[in-house]
Amino acid sequence: MSYFNRRLFLAALAGAALATSGCLRPMLAKDGPAGKLRGRIALPDVSDRFSYFLDESLVKRLGRTTASDFRLDIVRQVSERGVAIAQDNSATRITLLVEASWQLVRLRDGAPVLSDQIALQSGYNATTSLYATRQTRRDIERRLALDLGARIARAIQAQAGEITA
């Protein structure tokens with residue numbers, strides 16, 4: 001058997017084994033555990049720009065709340081620090097740090113089901129234009145909020161089988 005035929009045969013054999021084993025079920029299928037959890041989590045209130053983008057990310061992945069069986073609590077802190085300092089003592093490179101701890105609570109008994117802590121950071125250059133620097137900071141805030149929402153949603157969806165059982 002040639003090298004090419006052997007690789008083709010092994011790939012077909014592996015594909016057939018996976019298809020018949022039943023382990024290839026989409027996590028987000030409507031009848032899957034994560035799909036059944038969609039729209040059942042009450043999300044935190046929107047209070048500022050960061051929480052607006054966080055809410056946007058969570059709604060995209062977990063669905064708009066229709067019937068709450070769970071509540072998602074998020075405590076976050078956003079801070080910034082200058083990491084590159086010029087001779088005139090002004091920051092030319094700024095790092096934005098987001099530290100968040102979240103908890104998924106079952107409403108019927110108030111028991112925490114999942115919890116975790118996440119730290120994210122991203123940096124940007126401070127320019128001589130105040131407007132450009134502020135717009136860049138807003139863009140970094142948006143990216144960090146969307147990333148935080150995606151990480152929280154993935155953690156919840158990965159454990160959806162145990163949560164809904």
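Guide: The side chains of Arg137 and Glu141 meet in a salt bridge, with 2.2 Å from N to O, where a salt bridge is a side-chain nitrogen of Lys or Arg within 4 Å of a carboxyl oxygen of Asp or Glu. The model is predicted, so local features need pLDDT of at least 70 and side-chain atom pairs count only at pLDDT 80 or more, whereas totals for chains, interfaces and linings use all residues. Residues are numbered from 1 along each chain as its sequence is written, and side-chain values use heavy atoms, with hydrogens and water left out.

Both Arg137 and Glu141 belong to helix H4, 4 residues apart, which is about one turn of the helix; helices here are DSSP runs of H or I with at least four residues, numbered from the N terminus. Arg137 is partly exposed at 23% relative accessible area, while Glu141 counts as buried at 9%, given that buried means under 20% relative accessible area, exposed over 50% and partly exposed in between, with a 1.4 Å probe and protein chains only.

Glu141 also forms a salt bridge with Arg49, the closest N and O atoms being 3.1 Å apart. Because Arg49 lies in helix H3 and Glu141 in helix H4 (residues 130-158), this pair ties together parts that are 92 residues apart in sequence. Arg49 is itself partly exposed, with a relative accessible area of 38%, and a network of salt bridges links Arg49, Glu80, Arg137 and Glu141. Across the whole structure the search finds 9 salt bridges.

Buried residues of H3 include Phe50, Leu54, Leu58 and Leu62, and H3 is followed by Gly63, whose phi is positive, near 90 degrees.

The search of the whole structure finds 1 aromatic pair. The ring centres of Tyr52 and Phe53 are 5.4 Å apart and their planes lie at 70 degrees, so the pair is edge-to-face: rings of Phe, Tyr and Trp (its six-membered ring) pair if their centres lie within 6.5 Å, and planes under 30 degrees apart count as stacked, over 60 as edge-to-face and the rest as tilted. Tyr52 is partly exposed at 48% relative accessible area, whereas Phe53 is buried at 15%.

Methods. Helix = DSSP H or I, 4+ residues; strand = E, 2+ residues; numbered from the N terminus.
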